[in-house]
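Here is a brief report on one protein chain. Keep the sequence and the 3D view at hand while reading.

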Amino acid sequence: MGLPLLSKYLNSDGEVICPSCGSVMVARIASSGTYYSGTKFWGCSNYPDCRTIVNYYDENGYDFSGYNKRGLNSEGLDSEGCNLSGYDRRGFSKEGIHFQTRSKYNPQGYDKEGFDRQGYNYFGYNSSGFNREGLDRWGNSKETSLITSDTDGTRNNITSDSDSNNRGELESNISYEPKFKYHDGYDDKGFSKKGYHKLTGTKYNRAGFNRDGYNKNGYDVTGHNKKGFDKNGFTERGINVNTLTAYDPHGYDKLGFDKQGFDKQGYDLNNFSREGVHKETKTKFDNFGYDKYGYKEDGYDKMGFNRKGLNKKGFNKKGLHNITKRIYDPEGYDIEGYDINGFDIEGYNKLGFNSKGYHKATHTKYDPDGYDNEGFNIDGHDRDGRNRERREEIDNWRDW
Ligand SMILES: [Zn+2]
């Protein structure tokens, strides 16, 4: 409303300077008053001599760290990297549910931590570092594994690295450089000086890898040979040895998709054909009712945005309105339907109280749980059992 804009009072050190007295301002949370409990603002450090306050958010609705009132940055992601609908860049919610499959697993079958339904990661190892045969990457079983029985303190961190985002890192952790530290004639991977494995008696361990970490076909556990190419000639980063591009001579990338994103059978990552027909449903929509482009029949995607990137109320993903280019629509309401004072079109705030302090459900000054607009019950205690004085003491000038 009438509050001075944050950006006008920032100095070069990134401090907010009081427009009245020039003191540094500090971030605070209101506990009562014009702005209902929980509202953030900049208050003069010279309080109570100076009672000037400045809007916590800039004119675009973002705070210092680039987050708006709803905790989203300009990309629409919160501090945990999740978007408005609560999904991270890999499409998982905080609870680990994938937005496309509505399950714990992404379309490729991996969960948020990078493990498949059987608990194995991209390279076939479970969170304890063992593959489906029960062997670690040196071919040792649980009983003989260095991962669990390591005593010299050099335990490799493969077991704790379960973030599939860090596949590159993980891959570089899987190195087979011989250490040539022999104990009872065998190195710590169980190979003798001549390269024979103590359990198999051959040059290959039980997982089929030799001392240098390559199988009989010359590929390591990640499927790459000594030169770093997989069987289709791609490097770990997806560059093809023949073309030096991301595509092989037939036009397919490391994952088997062509430039238009279709595999050899003509389906994209989400199992839609070029014509937009789904592999399983044989219709334009997948099992969840979304088309090739991720839109439902009504034209809106999972997040409630249409092809123009606008929701039904005309807001974009950043929470800016199509017409006003600000966080408020022409009527003055934000994407959640609240005006600058925190009231919705019916005049109620997020807690359900109107400007006179009456609750919409009870028509009294108390909500159905018996708490008023400021969170106190009739006895003057809040939900944590604190009384008004005690809470103001704690909250009113709480800096963070
Ligand atoms: Zn001041």
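Arg102 counts as exposed, because it has 11 C-beta neighbours inside 10 Å and the cut-off for exposed is 12 or fewer. The model is predicted. Arg102 also stands out in its backbone: its phi is positive, about 60°, although the residue is not a glycine. The residue sits in the loop between E3 and helix H1 (146-149).

His363 also has a positive phi, near 60°, and is a residue other than glycine. Its place is the loop between helix H2 (167-173) and helix H3 (388-395). His363 is exposed, since 8 other C-beta atoms lie within 10 Å.

| Residue | Phi |
|---|---|
| Arg102 | about 60° |
| His363 | near 60° |

Another backbone feature involves a proline. Tyr47 and Pro48 are joined by a cis peptide bond, with omega about 5°. Pro48 belongs to the loop between E2 and E3.

**Overall layout**

The protein has three helices and three strands. Read from the N terminus, the order is β-β-β-α-α-α. Of the 400 residues in the protein, 18% are buried. Among contacts with a separation of 6 or more, 27% link residues 24 or more positions apart.

**Nonpolar cores**

Which residues make up the largest nonpolar core? There are ten in all: Val16, Cys18, Met25, Trp42, Cys44, Ile53, Val54, Tyr56, Tyr57 and Tyr62. Strand E2 (40-44) and strand E3 (53-55) are the elements that give two or more residues to this core. Another core lies apart from it and holds six residues, including Phe130, Ala207, Phe209 and Val221.

**Confidence**

The mean pLDDT of the protein is 79. A value of 70 or more is reached by 83% of the residues. Where is confidence lowest, and where is it highest? The lowest is in H2, at a mean of 38, and the highest is in E2, at 83.

Two stretches call for caution in reading the model. Over residues 148-179, pLDDT stays under 50. The model has 42 contacts beyond four places in sequence for residues 148-179. Over residues 396-400, pLDDT is also below 50. That stretch has eight contacts in the model beyond near neighbours in sequence.

Notes:
Residues are numbered from 1 along each chain as its sequence is written. This is a predicted model: local features need pLDDT of at least 70, side-chain atom pairs count only at pLDDT 80 or more; totals for chains, interfaces and linings use all residues. A nonpolar core is a set of buried Ala, Val, Leu, Ile, Met, Phe, Trp, Tyr and Cys residues joined through C-beta atoms within 7 Å. A residue is buried if 20 or more other C-beta atoms lie within 10 Å of its own, exposed if 12 or fewer, and partly exposed in between; C-beta atoms are placed from the backbone. Helices (H or I, at least four residues) and strands (E, at least two) are DSSP runs, numbered from the N terminus. Two residues are in contact if their C-beta atoms, placed from the backbone, lie within 7 Å. pLDDT is the predictor's confidence in each residue, from 0 to 100.
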